[in-house]
Amino acid sequence: MGVQLVVSLLVASIMQKMAPHFSFARWILCSGRLYRYRHPSEEELFALAGKQKPKGRRERRLNGVADEKPSSVPRDIDLQLESSPITAVDALVLRYFLEYQWYVDFAAYSTFVYLFTEGYYCLVDPRKEANIGILWCLLTVFFSIKIFFMVMRHYFKSEEGGERSVCLSFAFFFLLVAMVVLVIRDDYLEFGLEAGLTNVYDNLEVFLKEQAWDWTIPVTKLSIKLALVALCSFIGACLTFPGLRLAQTHLDALKLAADRPMIQLLLHTSFLAPVITILLWVKPISRDLLLRAPMGKETVQIMSDAAYNSFRLWAIVALCLLRLATIHYHLQAYLNLAPRWVEQMKREAGRISVLEIQQRVTRVYCYVTVVSLQYLGPVILTLHCVLLLKTLGEYSWGLYPEPAPMSPAVDATPVIRAGLSADPGGEEDIQATVEQITGALGALGTVFTPLFYRGLLSFLTWWVAACQFISSLFGLYFHQYLAAS
């Protein structure tokens, strides 16, 4: 693991040193493709209303005039917002900008480390070294969930409380959906989760019996599935508002690209990416159709099982890249909410305070990083779950043969006992401890086999896509029918 460790430390150092000079996250916002709208000053608003700016508080107090109500202007004034490209200086005032920059940059460097380890494993026997790219991908998955929790906690702190109710409602809804999905047989949803859990139970039972520990399979199965359902409910609650926001920006982005049919096609394909991901694990209409395609009275095999596994990995990676390619259209559609609100304000009667106009326009821009996290978070999580699925599940990209999933027998107990039987004292004691730890890790490696990782990571990848699809459907219905009414 020497070469991988050196490259990993080098990448971590580059990520820290290059952040002030170049950042992929900062490039997304500050590349000159996104335009923000500046809030009008008080002088501009009063000039449009045909009034003079009122005297300041200090002047009114000196003249003996009591404080008046907040300054207001008619709603139907001819207000046109000025736009300008987002710069790096402008981005520093954005909410959660530092968290957004660090998270997106870490995901980018994590993907680079994984690609390096994949190329390195083509030259070196993979069984001789541990894959450090797995650690980077696991950290990215962990940070993705942490980012989701941070954004959801922001909604929970809202004074109105409506967002909190939506999150709790969808958490309960996704809890029910997860319980239904877990009881569907592998003949319809081919996660292989049940076979993977059974394999882990068998290996763990052998291992714990060798250690003279009690073992009850039914209780363990129930607790693991309950934990998995709880995790699914939490992920669903975290992906609720990203899905609702995606539906809104998708509709607005289509309006922006009304005269560009190719861009509209890419936007539609990007929006339907979770649906395609879901169908890739529906066995009757994916694997069975490609492996036994009906041709008249005969069936034709278009591709093999291994080829379909590689095709599924490549398809999800391509859909994630497509999502990344269309991010600017979605973010610009969100930023255009400011002039759209101004146009809606012009059609209303009455007066509105100057401060409210400035706050409503500024609020759209200040939350663009939150919208970016809601857009990129599911993409990054899905991509790295697929990378983990390929490596831990021992799949292949199709460039070299795919190894068959192994279920090795647990044989780490003699190693542990050998470490314990060493004579204590000095270097022998340290060596015995090292051998004991190595034996324990080797035993865990034989308990959690590629068959288990295939089932677990396939289910998690599918579940993230399912949560995005369900919440996006609710978002489409809300923004097209309920919001309009």
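The second largest cavity of this predicted model is lined by I147, F148, V151, M152, Y155, C167, A237, C238, F241, P242, L373 and Q374. A cavity is here a set of points, on a 1 Å grid over the protein atoms alone, where a 1.4 Å probe fits but cannot get out, and lining residues have an atom within 4 Å of a point. This second largest cavity holds about 70 Å³ of space, a volume being the space filled by probe spheres set on the points, with grid points joined across faces, edges and corners. Two or more lining residues come from each of α7 (132-156), α10 (217-238), α11 (240-256) and α19, helices being DSSP runs of H or I with at least four residues and strands runs of E with at least two, numbered from the N terminus. Helix α7 supplies the largest share, five residues. By class, the lining comprises 11 nonpolar residues, one polar and no charged; Ala, Val, Leu, Ile, Met, Phe, Trp, Tyr, Cys and Pro count as nonpolar, Asp, Glu, Lys and Arg as charged, and the others, Gly among them, as polar.

Residues are numbered from 1 along each chain as its sequence is written, and side-chain values use heavy atoms, with hydrogens and water left out. Local features require pLDDT of at least 70 and side-chain atom pairs count only at pLDDT 80 or more, whereas totals for chains, interfaces and linings use all residues.

Four cavities of 30 Å³ or more were counted. The largest contains about 110 Å³ of space, and its lining consists of A273, P274, T277, I316, L319, C320, R323, P378, V379, T382 and Q468. Elements giving two or more residues to this lining are α13 (273-279), α15 (305-325) and α19. Of these, α15 gives the most, with four residues. The lining of the largest cavity has seven nonpolar, three polar and one charged residues.

W314 also lies in helix α15. Its relative accessibility is 44%, so W314 counts as partly exposed; buried means under 20% relative accessible area, exposed over 50%, and partly exposed in between (1.4 Å probe, protein chains only). W314 and G398 are 84 residues apart along the chain, and their C-alpha atoms are separated by 9.3 Å.

Helix α11 is mostly covered, with 14 of its 17 residues buried. Its 17 residues should span 24 Å at 1.5 Å a residue, and the 25 Å between its end C-alpha atoms agrees with this; the expected span is 1.5 Å times one less than the number of residues.

The largest nonpolar core has 126 residues, and Y100, F459, W462 and W463 have the most contacts inside it. Helix α19 (residues 368-392) contributes the largest share of this core, 16 residues. A nonpolar core is a set of buried Ala, Val, Leu, Ile, Met, Phe, Trp, Tyr and Cys residues joined through side-chain atoms within 4.5 Å. A second, separate core of six residues includes A253, L254, A257 and L267. Beyond residues up to four places away in sequence, W463 touches F174, V177, A178, V181, C232, I235 and G236, contact meaning heavy atoms within 4.5 Å.

P85 is placed in strand β3 (residues 83-85). With 34% relative accessibility, P85 counts as partly exposed. Neighbours within four places in sequence aside, P85 is in contact with G32, L34, Y35 and D90. P85 and Y37 are 48 residues apart in sequence, with a C-alpha to C-alpha distance of 8.9 Å.

Methods:
1 Å grid on protein atoms, 1.4 Å probe; cavity = no way out; pocket = protein on both sides within 12 Å on 5 of 7 lines; lining within 4 Å.
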